[in-house]
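Dear colleague,

Please find below the structure that I am handing over to you.

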Amino acid sequence: MKPTSDQNRAVQRSWRIRAAWIVVLGFTISCVTLTAQAFTAGDADAIFDAHTRAFYRVTNGVAWHAKTTEGGKADYWMQAEQLEMVLDAYERTTNAQPLVMFTNLFRGFLADHGTNWAGNPFNDDIMWMVIACTRAHLLTGNAEFREVAQTNFDLCFARAASSDLGGGLWWKTNNQSKNACVNGPGAIAAFLLGRATGDGSYFTKATNIFLWERATLFDRAAGKVSDNINISGRGGRFALTYNQGTFVGAANLLGFTNEARLAALYTMNQMCKDGYLPPGGENGDGGGFNGIGVRWIARFMKDRGEETAFEPWLQKNAEAAWQARRSSDNLSWCRWPEPTPQGRRASWGCSSAVVIMQVVRPTGAVKAENPK
């Protein structure tokens, strides 16, 4: 027996109502999921404030970052990079307070290490602080930041640059290897000093350092940056996110955009699991590697209009860093999406989460702008 036309209309109406409810339910579930995972500009403020409360110490205008929540002082290069983290917060907000913090931290660094850093045998340590100080000068016009940066770049370059292995910079003063961790930052430091001083010789140095790293440590087919080559010509072929990031940063600044994109794509596609950046060891050097990596990849993305390729991935990691925070103090460690444990935490190990939330556009704003 065929249904009557009235029956047909009733059945069709019933299915339309069911379909409408399914759409509404699906949209509601989707919105709840997005809201739960989104982070906002206020959240980026909150995670920076949490790090400041836990680790920033200041006395009479002289400041430092504690090594852990139990005290101490962050190591040389970790302190330098946390000064960069403070500048990241300023660049996002243009709030004057991070610049006050930077100045206090700069005073604290000089109190500990002086204005001449030749006593440090690690050339990369010096280059990290040169970058921090030159960035600060470019943001503020403070000549003291530029002068200290220029003095120490010059002395470091004079001892680190050589024609051995075809060029590039030695990692340490024992001249046993040339590493990505000094050549990427060295190229960035030289380029920024060129901008800060107007001296074109720094751009030449930046280009030469980068071209050596590209020729010696970079796989131009895959986008991988190998860690080092030693004096005998053998190398460490493993890749680390901070080396990928500084290579991207140098390539972007110097206009080698194809190389920058390849290195960023390798980081995203080959170094991540389920889209998440590799977890670092919280108490070692690796705790802040991802923060350095994303700082320079995010800058490349913004400078070159590469948001379609990289922003969803970066935002996924920023959201995961925020969701991984612990409720007691909003600190988030470097092993997201795993929840941050209670107990002692390291300032360096908590810095990557702060950095990524400063340099990546908040997803809360994106989703509000694009509700469909």
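Leaving aside neighbours within four places in sequence, Gly235 is in contact (heavy atoms within 4.5 Å) with Asn228, Ile229 and Asn230. Gly235 lies in strand β5, residues 235-236, and is partly exposed, with a relative accessible area of 36%; here buried means under 20%, exposed over 50%, and partly exposed in between, with a 1.4 Å probe and protein chains only. Between the C-alpha atoms of Gly235 and Lys178, which are 57 residues apart along the chain, the separation is 9.2 Å.

Please note that this is a predicted model, in which local features need pLDDT of at least 70 and side-chain atom pairs count only at pLDDT 80 or more, while totals for chains, interfaces and linings use all residues. Residues are numbered from 1 along each chain as its sequence is written, and side-chain values use heavy atoms, with hydrogens and water left out.

As for the protein chain as a whole, it has 14 helices and 5 strands; these are DSSP runs numbered from the N terminus, with at least four residues (H or I) for helices and at least two (E) for strands. Of its 372 residues, 50% count as buried. Among contacts between residues at least 6 apart in sequence, 67% join residues at least 24 apart.

A hairpin may also interest you. Strands β1 (residues 56-59) and β2 (residues 62-65) pair in the antiparallel sense over 4 bridges, where pairing requires that DSSP finds at least two bridges between two strands. Trp64 in β2 is the bridge partner of Arg57. There are 2 residues between the strands of this hairpin, and Asn60 takes a positive phi near 55°.

With kind regards
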